[in-house]
Amino acid sequence: MAIETLTLQDLQKRLQNMPSLQATVHGQITAIRIAQARNNKDYLDLTLSDTTGNMSLKIWRDHPLFDFLLQDSKGAFFKLTATWSLNNFGINHDQLTATRLSTAEMNDLLQGPLERQKRIENDFNTIADLATSIVNPYLRRLCEEFLTEYEEPFRRAAAARDYHHARRGGLVEHVAQMMRAADALCKVYPSINRDLVLAGVLFHDVGKLWENDYEKNGFGMPYTLVGELLGHISIGVEFVNRLWRSLEDDPEFQAAGQPSREHTRFHLLHLIASHHGQREFGAPVTPRTPEAWLLHYVDNLDARIEILQSAYAENPLLAPYIYEVRRPLEGHPVQPLPPWQES
């Protein structure tokens with residue numbers, strides 16, 4: 001019987017409902033270090049990554065693969081086969097084997113499963129379509145320029161280093177879902193400036209192209225000097241200002257009408273600067289307009305739902321319906337009530 005090959009996310013989902021599973025996973029070792037248990041026994045603490053997320057593994061010193069994986073394996077791509085199981089301490093493995101991926105296998109892994117490729121493509125097209133629907137000529141042109149000139153790093157970036165959408169392509173997923181939600185809410189609150197909100201959603205995390213950028217040919221997310229010194233909000237304000245100024249001679253930026261070009265720019269920059277909502281969460285200014293508040297809450301909503309979905313997929317059950325705590329949420333995630341069905 002052939003051994004099934006699973007993504008890291010699918011493996012962790014399957015282990016929620018079965019005691020053990022024999023399977024193969026493909027991934028890149030993006031972090032590895034020697035750690036020590038309470039009994040003073042050494043082990044390798046490594047992180048395996050693919051397009052669906054990350055998985056932590058421990059390899060004890062007496063394991064046959066300890067020395068093999070310790071030697072120059074960070075950044076390398078591997079095929080790992082084992083009988084996998086899950087407990088309160090994480091993923092366990094039995095009869096683990098590891099071989100390096102071929103170039104063709106590595107390229108396939110970087111592309112991700114076909115289903116995920118289609119989902120990312122659909123999300124990007126949603127973003128582009130909603131950007132095209134913006135009526136304000138300054139905001140529409142700015143969005144189109146960004147999506148044309150920065151498509152590659154935008155598709156690659158994560159929405160966060162941890163917690164939510166922390167994977168290659170995660171920023172596109174986050175922005176697309178936020179745009180869908182914001183577009184729907186603008187129909188409920190017709191006084192909201194839809195053009196400004198949609199542009200604000202697209203650019204609110206644009207600084208993460210420099211703070212949370214993945215390697216072009218890998219799943220590593222190196223720390224950057226600009227990301228550490230400025231953070232994505234400051235980077236985003238500076239970037240949008242620079243992109244805006246670069247378009248001032250563009251024909252669409254010469255459009256006559258109200259609100260003025262500068263008035264529009266100030267409001268867009270405010271959305272980027274205030275989207276964290278509170279100063280203690282890193283916002284240099286708190287939201288002062290309905291559009292800024294809507295953007296803040298849609299951002300927070302999408303992040304929280306994503307964290308809960310990840311908890312249901314990856315965290316162990318502590319009791320029926322109750323999952324292990326998932327940071328930064330408070331309390332234990334509880335399985336949602338399913339829709340009503342007639343008996």
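A salt bridge is taken here as a side-chain nitrogen of Lys or Arg within 4 Å of a carboxyl oxygen of Asp or Glu. For charge, Lys and Arg count as positive and Asp and Glu as negative, while His and the chain ends are not counted. A residue is called buried under 20% relative accessible area, exposed over 50%, and partly exposed in between, using a 1.4 Å probe and protein chains only. The model is a predicted one, in which local features need a pLDDT of at least 70 and side-chain atom pairs count only at pLDDT 80 or more, whereas totals for chains, interfaces and linings use all residues. Residues are numbered from 1 along each chain as its sequence is written, and side-chain values use heavy atoms, with hydrogens and water left out.

We can begin with the chain as a whole. The protein chain contains 12 helices and eight strands, where helices (H or I, at least four residues) and strands (E, at least two) are DSSP runs numbered from the N terminus. Its average pLDDT, the predictor's confidence in each residue from 0 to 100, is 92, and 100% of the residues score at least 70. Among the elements, the lowest mean pLDDT, 87, belongs to helix H2 (residues 66-70), and the highest, 98, to H8. Along the principal axes, the C-alpha atoms fill a box of roughly 70 × 55 × 40 Å. Of the 343 residues, 48% count as buried. If a contact means heavy atoms within 4.5 Å, then among contacts between residues at least 6 apart in sequence, 58% join residues at least 24 apart.

Which side chain of opposite charge is nearest to the buried aspartate 195? Aspartate 195, which lies in helix H8 (residues 194-203), has no salt bridge, and the nearest such side chain is that of arginine 194, 4.3 Å away. Leaving aside residues up to four places away in sequence, aspartate 195 touches Ile134, Val135, Asn136 and Leu139.

Elsewhere, charged side chains do pair, and a search of the whole structure finds 23 salt bridges. One of them joins glutamate 173 and arginine 167, at 2.9 Å from N to O; glutamate 173 is buried at 9% relative accessible area, and arginine 167 is likewise buried, at 11%. In another, lysine 187 meets aspartate 183 at 3.3 Å, N to O, and because these two are four residues apart in helix H7 (residues 170-188), they are separated by about one helical turn. Lysine 187 is exposed, with 60% relative accessible area, whereas aspartate 183 counts as buried at 15%. Glutamate 262 and arginine 265 form a further salt bridge, their closest N and O atoms being 2.6 Å apart, and both lie in helix H11 (residues 261-274), three residues apart, about one turn of the helix. Glutamate 262 is partly exposed at 29%, while arginine 265 is buried at 7%. Salt bridges that share partners also join Arg116, Arg119, Arg167, Glu173 and Glu306 into one network.

The backbone deserves a separate look, since most residues other than glycine have a negative phi, and most peptide bonds are trans. The peptide bond from glutamine 258 to proline 259 is cis, with omega near 0°, and proline 259 is found in the loop between helix H10 (225-246) and H11. A cis bond with omega near 0° also runs from arginine 327 to proline 328, the latter lying in the segment after E8. Tyrosine 163, in the loop between helix H6 (151-156) and H7, has a positive phi near 75° and is partly exposed at 39%. Tyrosine 321 has a positive phi of about 75°; it sits in the loop between strand E7 (317-319) and E8 and is exposed at 54%.

Tyrosine 323, in strand E8 (residues 322-323), counts as buried at 6% relative accessibility. Not counting residues up to four places away in sequence, its contacts include Gln16, Ala311, His332 and Gln335. With glutamine 335 its side chain makes a polar contact of 3.2 Å, a term for a pair of N or O atoms within 3.5 Å in which, within protein, one must be able to donate a hydrogen and the other to accept it, residues adjacent in sequence counting only if both atoms are side-chain atoms. The C-alpha atoms of tyrosine 323 and valine 334, 11 residues apart along the chain, are separated by 6.2 Å.
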